[in-house]
Amino acid sequence: MESNYWNIKAFDYDTHLKKSENAYLKIIELIKIEIDKSQTLLDLGTGTGEIPIAFADGVMKIIATDFSQEMIDIAFKKSKKLKLDNITFKVQDCYAQNYGNEIFDVIIASNLLHLLDEPEQFINSLKRLLNKGGKLIIPTYLHNESFKTRFISKILKFKGHPINTKFDSISLVEFITNCGYNVEKRVFIKNIMPMLFVVATRK
């Protein structure tokens with residue numbers, strides 16, 4: 001992924017999220033069901049930190065990472081303004097997870113898979129980081145769900161948005177399963193570009 005693209009997008013990223021506000025509120029609501037106060041979380045592709053900031057009071061510790069320095073700078077300023085002391089924001093490539101084995105209770109990668117040219121490598125790399133019984137929460141845009149979504153996807157791609165992998169609700173579940181996970185929950189979220197909220201555990 002191009003960090004320069006996301007550094008530029010960082011300045012209007014929150015405005016962009018407002019267009020899908022109801023969908024993101026639904027994601028946050030569903031995540032809150034899956035977490036508790038004793039847990040340590042890893043949030044990958046955090047953007048400007050909207051999702052982890054929304055549930056920071058519901059967990060013990062969050063490490064939130066993004067490829068873009070500008071995204072992380074904005075996220076850090078938000079958390080500092082809210083006086084949140086349990087989120088650590090880091091600039092990090094999502095493929096380079098230099099953490100120990102079995103140290104996270106929950107890993108979140110929200111709307112990240114479609115941006116990756118090697119999503120299988122990415123999702124496989126997360127298994128060793130999850131505690132036994134740990135959860136992978138992976139809400140994902142469904143660019144291949146229908147004629148309408150494929151059309152929208154083509155327009156986004158034409159405008160320069162980095163779309164490298166396209167899923168529909170069936171192929172996403174199959175992909176996660178084939179990568180060695182048990183899909184425990186799936187929730188379809190309506191949106192301009194619909195999403196599938198998936199919770200999985202490693203096999």
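In helix H5, the residues Met 71, Ile 72, Ala 75, Lys 78 and Ser 79 are buried (under 20% relative accessible area; exposed is over 50% and partly exposed in between, with a 1.4 Å probe and protein chains only). Seen down the axis of H5, these buried residues fall within an arc of 125°, so they line one face of the helix; the arc is that of the directions from the helix axis to the C-beta atoms. An α-helix has 3.6 residues a turn, so residues three or four places apart point the same way. The face of H5 turned away from the buried side carries the exposed residues Lys 77, Lys 80 and Lys 81.

The model is predicted: local features need pLDDT of at least 70 and side-chain atom pairs count only at pLDDT 80 or more, while totals for chains, interfaces and linings use all residues. Residues are numbered from 1 along each chain as its sequence is written, and side-chain values use heavy atoms, with hydrogens and water left out.

H5 covers residues 69-81, and its 13 residues reach 18 Å from the first C-alpha to the last, close to the 18 Å expected at 1.5 Å a residue (1.5 Å times one less than the number of residues). Helices (H or I, at least four residues) and strands (E, at least two) are DSSP runs numbered from the N terminus. At the start of H5, a side-chain oxygen of Ser 68 comes to within 3.3 Å of the backbone nitrogen of Glu 70. Lys 83, which follows H5, has a positive phi, near 60°.

The whole structure holds five salt bridges (a side-chain nitrogen of Lys or Arg within 4 Å of a carboxyl oxygen of Asp or Glu). Three of them are listed here.

| Pair | Closest N and O atoms |
|---|---|
| Lys 135 and Glu 34 | 2.8 Å |
| Glu 34 and Lys 185 | 2.6 Å |

Glu 34, Lys 135 and Lys 185 are linked in a network of salt bridges. Lys 135 forms its bridge with Glu 34, and this pair joins strand S5 (residues 130-137) to helix H3 (residues 21-34) across 101 residues. Glu 34 is buried, at 9% relative accessible area, and also pairs with Lys 185. Glu 34 lies in helix H3 and Lys 185 in strand S7 (residues 181-189), so the pair ties together parts that are 151 residues apart in sequence. Lys 135 is partly exposed at 22%, as is Lys 185 at 27%.

Glu 102 sits in the loop between strand S3 (87-91) and strand S4 (104-109), and Arg 202 in strand S8 (residues 195-202), 100 residues apart. Glu 102 is partly exposed, with a relative accessible area of 35%, and Arg 202 is partly exposed at 23%.

Key: Polar contact = N/O pair within 3.5 Å; in protein donor to acceptor, adjacent residues only side chain to side chain.
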